[in-house]
Amino acid sequence: MNPIFSNKKLIGWVIGIIVALALIMYSVTYGSNIVTQGVNDVTNILGRLVSYPANSINDFIDSVGDLSNTYQENQSLKQKIDTIHELEVQLNELKRDNQKMKETLKLQDTLNDYTLVNATVIARNPDTWRDVITINKGSNDGIQPQMSVMSDNGLVGKVLDVNPTSARIALLSNADNTLVRVAAMIQNEKEPIYGTITGYDEKTNMLVMSQIQATQDIKVGDKVVTSGLGGISPNSLYIGTVEEVAMDRFGLYKEVKIRPAADTNDVRYVTVVIRTSESEGQ
């Protein structure tokens, strides 16, 4: 064998071994970092794939929780608002009651010459709302049928019937014109003008006074009071003011429409006027 060829072959083996050792050393030194990086990258990708839907579910659950809390807060606020509205209604009712009581006390100051019995309305049927009310005072308190009843500083009706502890009041706005007829007087600058309260105009909410002489001079704004001539009601109880003046349908007498001083639609407290012997002579 040629010695030169043998030496070249030996040199090739030596170089190959050196390259192999170098590759082995490089793999040992740097290979682990590459593998680790690859594993980390794969893990990060898988983690993202898993965490995205999980985070979405968590966000959805949080949103549902927030929505539930918002609903509960809205319900709580609604209940508070409803409570405030109820309190406002109660406050308005108390204010109206207070005003009605003040008017009753003011009425007492103007009727010192009469015996008065204050009462509270305890019943009022919707079917006969403008006709009859029931009060919590009766014959035990000296109340008798046909006695005059005041409210809001004006005549509101008459006692219809009486029990020991209660009484029914026929209002001036009663549809039955025969139940409440009041002898009335228009206070005129020249002389008093007499007539009778004979009805109620439901369309205009005014009382009707008739049987007035056609020659009488009546002005809008004149005050109307009880005359006391009927033998039942005391005189000078305020009824209202003249609103319209016209001839009746027969053209024989004048007919007057009166704006009542008492609001028969909202009667809560009344004062029954007991006519004494002293007042009968007035």
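Reply: The turns below take up salt bridges, aromatic rings and strand pairing in this predicted model.

Me: How many salt bridges does the count come to?

Reply: The count comes to 5 salt bridges. One of them is formed by the side chains of Arg 130 and Glu 202, with an N to O distance of 3.0 Å.

Me: Why is that pair said to tie together parts of the chain?

Reply: Arg 130 belongs to the loop between β1 (115-123) and β2 (132-135), while Glu 202 belongs to the loop between β7 (193-201) and β8 (206-213), so the pair ties together parts that are 72 residues apart in sequence.

Me: How is the exposure of Arg 130 and of Glu 202 described?

Reply: The reading rests on relative accessible area: under 20% is buried and over 50% is exposed, with partly exposed in between. Arg 130 has 25% relative accessibility and therefore counts as partly exposed. Glu 202, at 48%, also counts as partly exposed.

Me: Which residue does Arg 259 form a salt bridge with?

Reply: Arg 259 forms a salt bridge with Glu 243, and the closest N and O atoms are 3.9 Å apart. This pair links distant parts of the chain, since Arg 259 is in strand β11 (residues 253-260) and Glu 243 is in strand β10 (residues 238-247), 16 residues apart. Arg 259 is partly exposed at 36% relative accessibility, and Glu 243 is partly exposed at 32%.

Me: What is the N to O distance in the salt bridge of Arg 168 and Asp 161?

Reply: The side chains of Arg 168 and Asp 161 meet at 2.8 Å, N to O. Arg 168 is partly exposed, with a relative accessible area of 36%, and Asp 161 is partly exposed at 28%.

Me: How is a pair of aromatic rings described?

Reply: Such a pair is described by the distance of the centres and the angle of the planes. Here, a search of the whole structure finds 0 aromatic pairs.

Me: Which residues lie over the faces of Trp 129 and Tyr 238?

Reply: Arg 124 lies over the face of Trp 129, at 4.2 Å from the ring centre. Lys 223 lies over the face of Tyr 238, at 6.0 Å from the ring centre.

Me: Where do the side chains point in a regular strand?

Reply: They alternate between the two faces of the sheet. As for pairing in this model, strand β6 (residues 182-187) runs antiparallel to β7, with 5 bridges joining them. Ile 186 has Ile 193 in β7 as its bridge partner, and a hairpin of 5 residues joins β6 to β7.

Me: How many bridges pair β6 with strand β9?

Reply: β6 pairs with β9 (residues 223-226) over 4 bridges, in the antiparallel sense. The bridge partner of Gln 187 in β9 is Lys 223.

Conventions
Residues numbered from 1 in each chain as written. Predicted model: local features only at pLDDT ≥ 70, side-chain atom pairs only at ≥ 80, totals over all residues. Heavy atoms only, no water. Phe/Tyr/Trp six-rings, centres within 6.5 Å; stacked < 30°, edge-to-face > 60°. Lys NZ or Arg CZ within 6 Å of the ring centre and 35° of its normal. Salt bridge = Lys/Arg side-chain N within 4 Å of Asp/Glu carboxyl O. Helix = DSSP H or I, 4+ residues; strand = E, 2+ residues; numbered from the N terminus. Buried < 20%, exposed > 50% of the residue type's maximum accessible area, 1.4 Å probe, protein only. Pairing = 2+ DSSP bridges.
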